[in-house]
Amino acid sequence: MDIGRRDLIKITAGAAVAMAAGSAATANRFFTPEEFAAVNELTEMIIPADEKSPGAKAAMVAGFIDSYLADSFEEVERTDFREGLRPYVNATNLERLGLLTKAAQSEAKPTTADQKFFRLIKEYTIRGYYTSKIGIHQDLDYKGNTYQTGEYAGYLPGPDLK
Amino acid sequence: MPQSHEPNLNPDLKKTYDAIVVGSGAAGGMAAHVLTSHGLDVLLLEAGKKLPIERELKSMQWPYDHPRRGDMPRDDHALTLNEYTIRPRPYAQGLRYKHVYSYVQGWSGADYSKNIVVDEKDNPYTGEPYAWVRARTLGGKTAIWGRLALRLSDVDFKAAERDGFGEVWPISYKDIEPYYDRVDDYLGISGLKEGLPYLPDSRFQRPNKLTISEMMFRDKLKPMGRLITPYRAGVTTDGLKHNKYRSKCFGRGACSRRAGGCDIHAAFDSPTGLIYPAMDTGHLTLRTNATVSEVTVDSKTGKASGVSFIDSETGKTYQAKAKTVVLGASTLESARLLLLSKSRQYPNGLANSSGHVGHNFCEHIMGPGVTGIAKDRIGKPKTLDDGRPGGFYLPRFRNLDSKQAGFIRGYGFEGGAGSSMFPHHAYQTPGFGKDFKQTVREKQGAFMSMGAFGEVLPRYENYVDIDPDIKDRWGVPALRFHIKFGDNELNMAKDMADQAREMFEQAGIEVLNVDREVLTPGWSIHELGTSRMGTDPKKSVLNEFQQSHDVKNLFIVDGSSHVSASCQNPTWTIMALAWRSCDHLADQLKKGEL
């Protein structure tokens, strides 16, 4: 437990440093500083901090999306995202939340551009958050990817289950 | 003193080897093992390189420790399902990427497998849409295989007698059973005895355990007369005293979250399981970077005299001579090689007097499956659920005792339940914000999924031949595909999806999604049947010992020889048959009959 808490402090402290750096114009490879700030807020709205774990901001999901788009080979992936993001860039957080809520209405079958953008940023956020240290260890308490010694996890059917 | 296991790039090509083995995967590796164990002098040729595989796989790396979280570099590209379906062949033609790779499972083209699977730009093919995953490296596809190790039974070998379609195998279960046993003992297999006549038990090491929700599912399936059993994995769970290159499994659970592969070699792979021990006998010469382009023939005797191969780095061509030639290049590459080996004596290609080489292609159809949530597991404390080489296998239940309407043969499911590193259900969890995050977290340990693998019938009309125009990077003519699923497969796929839903519903599992889409042919990576065995040389290419009817000293020991696909994964059967055939080869060679 103590170790976990120490890790938590280290991670959040590291995130704060990274965020400070991220707000400098030179740190992003694709987003403008204004776009980055909007993406940072949107990802946190999608996966916010709660009593269990920090959210997308601390997990630096916006940075993940920035480098993902910078590295994606198809120009259309970048232009689609940038276009979809446009209404959110110069908005207040309250306006962003309103836009996001509206765009999330028919997420199973997105048809309009803003509905499609919601799916897009939600999928990027899921991918970035749940492959991060915070997502895997703090939020989901993932126990695997470790050498097990002694008794293995799980159960075997007894004769009654045969 | 153990020898070095480095390849010999300058082997003695003046001498005549007892056998040349082409390909170093499950089939070629097994041939090398068995033939050297008989004291034969063997030259093993592999088209790819020997990779530093442990470094390549990075089995224990966390996603956040990789600069692109496991994705390939910017100029590289993995073909997706969609591209396999819609792109004109050859797939890589016109794509701007520096390298274009065959799809392999993993997160959208994993960085960990790009040196294992082939670059499509170097290895084009044409014809109907087909997802042809090839691994040109020492060990072939065993470097990343899915590890499910199942036996076939007489329900499969004699399927044609039961339903009238196709041909029966020239062997029955009792012929192959002792060889399945040997493969089990030599390589290690994990599983639970169930006593099913249509899915015979192996000589199992300790089984992988089931998770709580899998146990519940097993119990709920019982009234339907169906069963899930712990994944029968070609993995040594207790260790192998006779093999110092392989560790026992430590349940790290990294096996299926990327391309596969096991850097401690608890999962079988051909190099550590078969080839290194064969090299230690002193009878095996390993030449990598050797792309075989032709099986050469002695024009006086009509027998195979050896092979021509091209060094994949320098492009130089070499000849190697042997008393026997054993092909284990994979179902499709072996067919390509036979069709390319034309001579005055064999104008239709080698071993092809029947005209059946390249035909009767069969495999497994896949795609349909189901995901769901085991409701009583929601919100429970997290446990370690994926620390094992696989989840469960749900064996075939169709066309066993009763006849199913709409299709013959059957299918099985592979699946698993519980927490995994990545919460796949998050994509299907609606909304955003605190509720969304909490739902993903609470349902993480309750997630369950399974997908089906079904038998594709071997039809003469499903075949491959040589493209008249397109050549690969080394100037070898490319393979052309004429392969399509028929009504039997498509009707079966509908039933897979319906039954997947029904079984989850019966078990009280909340269904998240039912996948009904059939994947492009080839996707299962279980290609079989292009040089089938049989007793009639007019209707088959090989006899029961995978020996060519036409050319007595030519053997084809990979999946080419399978008469039908069954619905069980083929690797263990490929190795059992190869062992049996190579015993026969050694015996015949010693008697001077080859």
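Which residues of H2(A) are buried? The model is a predicted one, and in it the buried residues of H2(A) are Phe36(A), Ala38(A), Val39(A), Asn40(A), Glu41(A), Leu42(A), Thr43(A), Glu44(A) and Ile46(A). Helix H2 of chain A covers residues 33-46, and its end C-alpha atoms are 20 Å apart. That agrees with the 20 Å that its 14 residues should span at 1.5 Å a residue.

Elsewhere in chain A, Pro110(A) sits in the loop between helix H5 (93-103) and helix H6 (113-130). Apart from neighbours within four places in sequence, Pro110(A) is in contact with Gln115(A), Lys116(A), Phe118(A) and Arg119(A). The C-alpha atom of Thr146(A), 36 residues away along the chain, is separated from that of Pro110(A) by 40 Å.

**Contact between the chains**

Chain A gives 36 residues to the contact and chain B gives 44. On the side of chain B that touches chain A, helix H7 (212-221) and helix H10 (434-443) of chain B each supply at least two residues. H7(B) has the largest share of that side, with four residues. By type, the residues of the side of chain B that touches chain A are 20 nonpolar, 14 charged and 10 polar.

**Chain B as a whole**

Chain B holds 12 helices and 18 strands. Its C-alpha trace spans about 75 × 55 × 50 Å along the principal axes. Of the 594 residues of chain B, 58% count as buried. Among its contacts between residues at least 6 apart in sequence, 73% join residues at least 24 apart.

**The six-stranded sheet**

An open sheet of six strands in chain B has the order E6-E12-E13-E14-E11-E17, with antiparallel pairing. Its edge strands, each pairing on one side only, are strand E6 (229-230) and strand E17 (509-515) of chain B. Within the sheet, strand E13 (residues 411-417) and strand E14 (residues 447-455) of chain B run antiparallel and are joined by seven bridges. Glu414(B) has Gly451(B) in E14(B) as its bridge partner.

Helix H11 (residues 487-506) of chain B lies across E11, E13, E14 and E17 of chain B, at about 15 degrees to E11(B).

The 20 residues of H11(B) should span 28 Å at 1.5 Å a residue, and the end C-alpha atoms are 28 Å apart, which agrees. Buried residues of H11(B) include Met492(B), Met496(B), Ala500(B), Met503(B) and Phe504(B). H7, E11, E13, E14 and E17 of chain B are among the elements that cover the buried residues of H11(B). After H11(B) comes Gly508(B), with a positive phi near 75 degrees.

**The three-stranded sheet**

A sheet of three strands in chain B is also open, with the order E5-E16-E15 and mixed pairing. Strand E5 (126-127) and strand E15 (463-471) of chain B are its edges, each pairing on one side only. E5(B) and strand E16 (residues 477-482) of chain B run parallel and are joined by two bridges. Gly127(B) stands opposite Phe481(B) in E16(B). Helix H9 (residues 331-340) of chain B lies across E15 and E16 of chain B, running at about 65 degrees to E15(B).

**Backbone exceptions in chain B**

Most residues other than glycine have a negative phi, and most peptide bonds are trans. The table gives two residues that depart from the rule on phi.

| Residue | Phi |
|---|---|
| Lys58(B) | positive, about 45 degrees |
| Ala351(B) | positive, near 65 degrees |

Lys58(B) is in the loop between helix H2 (53-57) and strand E3 (76-78) of chain B. With 18 other C-beta atoms within 10 Å, Lys58(B) is partly exposed. Ala351(B) is in the loop between H9 and E11 of chain B, and it counts as buried because it has 27 C-beta neighbours inside 10 Å.

The peptide bond from Arg89(B) to Pro90(B) is cis, with omega near -5 degrees. Pro90(B) belongs to the loop between helix H3 (81-86) and strand E4 (99-101) of chain B.

Terms used: Residues are numbered from 1 along each chain as its sequence is written. Chains are lettered from A and ligands numbered from 1 in the order in which they are written. This is a predicted model: local features need pLDDT of at least 70, side-chain atom pairs count only at pLDDT 80 or more; totals for chains, interfaces and linings use all residues. The expected span of a helix is 1.5 Å times one less than its number of residues. A residue is buried if 20 or more other C-beta atoms lie within 10 Å of its own, exposed if 12 or fewer, and partly exposed in between; C-beta atoms are placed from the backbone. Two residues are in contact if their C-beta atoms, placed from the backbone, lie within 7 Å. Ala, Val, Leu, Ile, Met, Phe, Trp, Tyr, Cys and Pro count as nonpolar, Asp, Glu, Lys and Arg as charged, and the others, Gly among them, as polar. Two strands pair if DSSP finds at least two bridges between them. Axes are lines fitted to C-alpha atoms, for helices over the stretch in contact, and angles run from 0 to 180 degrees between N-to-C directions.
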